[in-house]
Amino acid sequence: MDHSSAYSFIDLHAIALQAMANYGFVPLFPQSVVREAHRFEPPMGNGRAIPEGTRDLRELLWSSIDNIDSLDLDQIEFCERAPNREIRTLVAIADVDALVEKSSSTDRHAQQNATSVYTGVEMFPMLPENLCTNLTSLKPGEDRLAIVLEYYVRKDGSIRTADVYRAMVRNQAKLVYESLGDWLEGTGPMPETVAGVPGLEEQLRLQDEAAQRLKEYRRESGALELETIEPSPVMGEGTVVDLAVRRKNRARYLIENFMIAANGTMVWFLETKGSPMIQRVVRLPERWPRIREVA
């Protein structure tokens, strides 16, 4: 029996829409949001100056690491050596709502969904495509507003928090997990993007050094290292034709460790400002003694 033909009638798009509705999401943008999306302009368009209180960090050698097909680039990184063998690390997160006015149709829709949803067969973005994959995406060569989390990685891998602030940034290179990871691990050639940007090789080696310090410190502090499998559906003519498994490599660990440190920096910042925040609390498992015994 030809199983592919037997299931060819299944409408995966319709199933994804229904799943979104079942969980209380609004999968499609209302017309009011669509109309607003056409009116958005680049943050530096029409001769506008950098917003007051925003630092100009466009000259730093920023780069992004993401999946090969990603258009909504939401994070870039930069490192430099500091005294006492510390590594100053900057993680810039795209200011995705910088162009969205409070209480606008786009703002209300984003408030309803609160997140982008990846269903496997289709992605439902929180913000219109003109924003998330264009005007607020940290695309190479484009001036973008971002929130920068700054911290120092000490020699032993612990972090010294420094600051959180708004900045204007410019991504210098879009890199891909697989090719960059192979290069960092010594199993593949230097990506052409790295070779084509002066100073980027040294910058990425420094980022990798900082990430390895962070990883080793977390390991010595008791962090669990779990080998997880992240299968992604491969679509063809509206059906799933295969599953691609993404292997964790040195580039993925780099982003993971940078983000864990950045999250800690944001918690520190909010606590020092006396700001309310929501944190996930991991409680002791009910049968922890038995789990330890089995382990």
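The largest nonpolar core of this predicted model has 44 residues, and those with the most contacts inside it are Trp62, Ile65, Val148, Val169, Leu180 and Phe258. A nonpolar core here is a set of buried Ala, Val, Leu, Ile, Met, Phe, Trp, Tyr and Cys residues joined through side-chain atoms within 4.5 Å, where buried means under 20% relative accessible area, exposed over 50% and partly exposed in between, with a 1.4 Å probe and protein chains only. At least two residues of this core come from each of β2 (62-66), β3 (75-81), β4 (87-94), β7 (143-153), β8 (159-176), α6 (177-184), α8 (200-220) and α9 (250-272). These helices (H or I, at least four residues) and strands (E, at least two) are DSSP runs, numbered from the N terminus. Of these elements, α9 gives the most to the core, with seven residues. Apart from this core lies another, of nine residues, including Ala110, Met126, Leu127 and Leu131. In soluble globular proteins, nonpolar side chains tend to be buried together.

Residues are numbered from 1 along each chain as its sequence is written. Because the model is predicted, local features need pLDDT of at least 70 and side-chain atom pairs count only at pLDDT 80 or more, while totals for chains, interfaces and linings use all residues, and side-chain values use heavy atoms, with hydrogens and water left out.

The axes of α6 and α8 come within 12 Å and cross at roughly 80 degrees, the axes being lines fitted to C-alpha atoms, for helices over the stretch in contact, with angles that run from 0 to 180 degrees between N-to-C directions. That makes α6 roughly perpendicular to α8, a word used for angles of 65 to 115 degrees, whereas angles under 35 count as roughly parallel, over 145 as roughly antiparallel and the rest as oblique. Leu180, Trp183 and Leu184 of α6 make the contact with Glu201, Leu204, Arg205 and Asp208 of α8, contact meaning heavy atoms within 4.5 Å.

The structure holds 17 salt bridges, each a side-chain nitrogen of Lys or Arg within 4 Å of a carboxyl oxygen of Asp or Glu. In one of them, Arg160 pairs with Glu86, and the closest N and O atoms are 2.8 Å apart. Arg160 lies in strand β8 and Glu86 in the loop between β3 and β4, so this pair ties together parts that are 74 residues apart in sequence. Arg160 is partly exposed, with a relative accessible area of 33%, whereas Glu86 is buried, with 9%.

A salt bridge also joins Arg88 and Glu150, with the closest N and O atoms 3.0 Å apart, and it links Arg88 in strand β4 to Glu150 in strand β7, 62 residues apart. Here Arg88 is buried, at 18% relative accessible area, and Glu150 is buried too, at 8%. Asp95 and Arg166 likewise meet in a salt bridge, at 2.5 Å from N to O. Salt bridges that share partners join Asp56, Arg58, Asp143 and Arg170 into one network.

Finally, the backbone deserves a look. Phi of Arg85 is near 65 degrees, a positive value in a residue other than glycine, and Arg85 lies in the loop between β3 and β4, where it is exposed, with a relative accessible area of 53%.
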